[in-house]
Amino acid sequence: MDRQGELKIIRAAYARQILAAARIMENARLEAALSATRREDFLGAGPWWISRWFRDYVTTPDADPVYLSPDDLVGILPERRLNNGQPSLHAHLIHQATPAAGAHVVHIGTGTGYYTAILAHLAGPSGRVTGIEYEPELAARAKANFAGYPNVEIIEGDGAAGSVR
């Protein structure tokens, strides 16, 4: 089996494990979105900074995406302790929101966009996602990450205040 085939299997297992950790017994659409969305595409070049159970960060041995498959935090600005977020928590929240195909979803706190991409997958090509990110560096990274997504708009601003820069 080639490496891409292996990663496809690993991503499918990741999706099932994350749903199990979030105690989601059945959500085929979310499972498909988690499986299809490549986490490494939104976290920058590896090796990555990983934090488990809110302990200090450790660096992955190399840039193999398999290190992104556990239910761990990944530092996106680790020097400021800003993380990609725990997949099972976000899966739980997305499951509760149940965005429908064709919906307009607003994601406040986009970071670099991994969970925004999952929401875009769920909204589908007929839906749209507006991601709002307060941190200028993260907003710029998210905008670059979504350059090829016609149904996603990233706005730099304060989503809690309803203002944008």
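Which strand is the place of Ser 51? Select β1, residues 49-51, and you have found Ser 51; strands here are DSSP E runs of at least two residues, helices are H or I runs of at least four, and both are numbered from the N terminus. Before going on, note that this is a predicted model, where local features need pLDDT of at least 70, side-chain atom pairs count only at pLDDT 80 or more, and totals for chains, interfaces and linings use all residues. Residues are numbered from 1 along each chain as its sequence is written, and side-chain values use heavy atoms, with hydrogens and water left out.

**Stop 1: around Ser 51**

Ser 51 is buried, at 1% relative accessible area (buried is under 20%, with a 1.4 Å probe and protein chains only). Show its contacts, meaning heavy atoms within 4.5 Å: leaving aside residues up to four places away in sequence, Ser 51 touches Asp 56, Tyr 57, Asp 72, Leu 73 and Arg 81.

**Stop 2: helix α5**

Now pick residues 136-145, helix α5, and colour its buried residues Leu 138, Ala 139 and Ala 142. Look down the axis: they fall within an arc of 100°, so they line one face of the helix (the arc is taken from the directions from the helix axis to the C-beta atoms). What do the buried residues of α5 pack against? Bring up β3 (73-77), β4, β6 (128-133) and β7 (152-158) and you have their partners.

**Stop 3: the cores**

A nonpolar core is a set of buried Ala, Val, Leu, Ile, Met, Phe, Trp, Tyr and Cys residues joined through side-chain atoms within 4.5 Å. The largest one has 26 residues, and Leu 30, Leu 34, Ala 91, Ile 94, Tyr 114, Ile 118 and Val 129 have the most contacts inside it. Helix α4 gives the most to this core, 8 residues. Click Ile 118 and, beyond residues up to four places away in sequence, it touches Leu 30, Ala 33, Leu 34, Thr 37 and Ile 94. Apart from that core lies another, of 8 residues, including Trp 48, Ile 50, Val 74 and Leu 138.

**Stop 4: the second largest pocket**

Select His 90, Leu 93, Ile 94, Ala 97, Pro 99, Val 105, Val 106, His 107, Tyr 115 and Leu 119, which line the second largest pocket. A pocket is an open set of points on a 1 Å grid over the protein atoms alone, where a 1.4 Å probe fits, with protein on both sides within 12 Å along at least five of seven lines; lining residues have an atom within 4 Å of a point. Helix α3 supplies the largest share of this lining, 4 residues.

Notes. Buried < 20%, exposed > 50% of the residue type's maximum accessible area, 1.4 Å probe, protein only.
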